[in-house]
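These are my notes from an afternoon with one model. I looked up a few places and wrote down what I found.

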Amino acid sequence: MMRFGLSVLWISVLVYAFVFAPPNQPGTTDLIVRLSVGDWDGINPAVSALFSVMGIWPMIYAAIALIDGHQQQAKAWPFVVASFGTGAFAILPYLIWRSPNPTFNGAKNWLLKLLDSRWLGLGLLLSSLGLVAFGLIAGDWSDFWQQWRTSRFIHVASLDFCLLWGLFPVLLGDDMARRGLKQPAWFWVVVLLPLIGAAAYLTLRPPLPEEQIGLAETPV
């Protein structure tokens with residue numbers, strides 16, 4: 001049932017993004033290039049902050065999905081790599097094809113050790129806090145609303161942020177179970193805080209045991 005629901009969601013957001021979202025605006029490519037190289041002069045800080053946090057979300061997903069995909073038939077890394085350019089549009093197919101996986105068996109390689117590191121989580125948390133504060137305080141939100149209504153880039157990027165936030169629980173429950181975290185309240189605190197909750201979870205979660213026997217219970 002979850003696979004069916006996620007499949008319908010994936011198709012729906014693709015159709016919406018390319019058919020029903022506002023049209024592309026002249027200068028969108030130039031805007032993306034400037035945002036990518038850090039040339040933010042004259043750009044609404046709310047737009048700059050949104051673009052930047054959309055680079056943090058894939059890192060957060062990588063820190064969970066690559067561990068989750070360690071024993072999956074559908075490997076996570078192609079979807080994670082693609083998500084740096086397409087966000088939830090690349091993550092959704094992985095979520096559709098994966099199976100519940102509340103355990104981790106074997107040794108962590110250098111990449112999984114890095115992704116499991118609290119230092120990575122802390123870096124993402126501090127970056128998230130700074131960007132959110134920058135956007136909220138310095139952003140021109142009336143201008144952002146106008147751009148959201150007229151620009152496909154801003155509109156779809158905002159949708160992508162919401163999708164990545166809303167889809168995070170699909171992986172979170174199993175990741176908590178792999179670490180022996182069985183507190184439902186913990187789960188909901190992480191889920192209900194957009195971006196900050198996910199980054200804080202990566203900072204505070206206990207290290208992943210390298211050997212497990214038996215199945216852990218998903219905390220939701």
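A salt bridge here is a side-chain nitrogen of Lys or Arg within 4 Å of a carboxyl oxygen of Asp or Glu. I needed that cut-off before looking at any charged pair. I also noted that this is a predicted model.

Entry 1: salt bridges

I looked up the total, and the structure holds 10 salt bridges. I then picked out D68 and R178, whose closest N and O atoms are 3.4 Å apart, so by the 4 Å cut-off they form a salt bridge. D68 sits in helix α3 and R178 in helix α9, so this pair ties together parts that are 110 residues apart in sequence. I checked how covered the two are, and both D68 and R178 are buried.

Next I went to D116. Its side chain meets that of K108 in a salt bridge, at 2.9 Å from N to O. D116 and K108 are both buried. D116 also forms a salt bridge with R205, where the closest N and O atoms are 3.9 Å apart. R205 lies in the segment after α11 (196-204) and D116 in the loop between α6 (110-115) and α7, so the pair links parts 89 residues apart in sequence. I wrote down the accessibility too: R205 is buried at a relative accessible area of 1%, and D116 counts as buried at 7%. Through shared partners, salt bridges join D68, R98, K108, D116, D174, D175, R178, R179 and R205 into one network.

Entry 2: a charged residue without a salt bridge

Which side chain of opposite charge is nearest to R152, and how far away is it? I found that it is D160, at 13 Å. R152 is buried yet has no salt bridge. I placed R152 in helix α9, which covers residues 152-178. A polar atom of the R152 side chain does lie 3.1 Å from the backbone oxygen of P22. Not counting residues up to four places away in sequence, R152 touches A17, F18, A21, P22, P23, N24 and A157.

Entry 3: helix α3

I went back to α3, the helix that holds D68, to check its length. Its 24 residues (45-68) should span 34 Å at 1.5 Å a residue, and the end C-alpha atoms are 35 Å apart, which agrees. I also found a kink of about 30 degrees in α3, centred on A62. Most of α3 is covered, with 21 of its 24 residues buried. At the start of α3, I saw a side-chain oxygen of N44 within 3.0 Å of the backbone nitrogen of A46.

Is D140 buried, partly exposed or exposed? I read a relative accessibility of 37%, so D140 counts as partly exposed. D140 is in the loop between α7 (118-138) and α8 (141-150). A polar atom of the D140 side chain lies 3.1 Å from the backbone nitrogen of D143.

My last stop was S128, in helix α7. S128 is buried, with a relative accessible area of 0%. Leaving aside neighbours within four places in sequence, I listed its contacts as I56, L195, I196 and A199.

Key: Residues are numbered from 1 along each chain as its sequence is written. This is a predicted model: local features need pLDDT of at least 70, side-chain atom pairs count only at pLDDT 80 or more; totals for chains, interfaces and linings use all residues. Side-chain values use heavy atoms; hydrogens and water are left out. Helices (H or I, at least four residues) and strands (E, at least two) are DSSP runs, numbered from the N terminus. Buried means under 20% relative accessible area, exposed over 50%, partly exposed in between (1.4 Å probe, protein chains only). Lys and Arg count as positive and Asp and Glu as negative; His and the chain ends are not counted. A polar contact is a pair of N or O atoms within 3.5 Å; within protein, one must be able to donate a hydrogen and the other to accept it, and residues adjacent in sequence count only if both atoms are side-chain atoms. Contact means heavy atoms within 4.5 Å. The expected span of a helix is 1.5 Å times one less than its number of residues. The bend at a residue is the angle between axes fitted to the seven residues ending there and the seven starting there.
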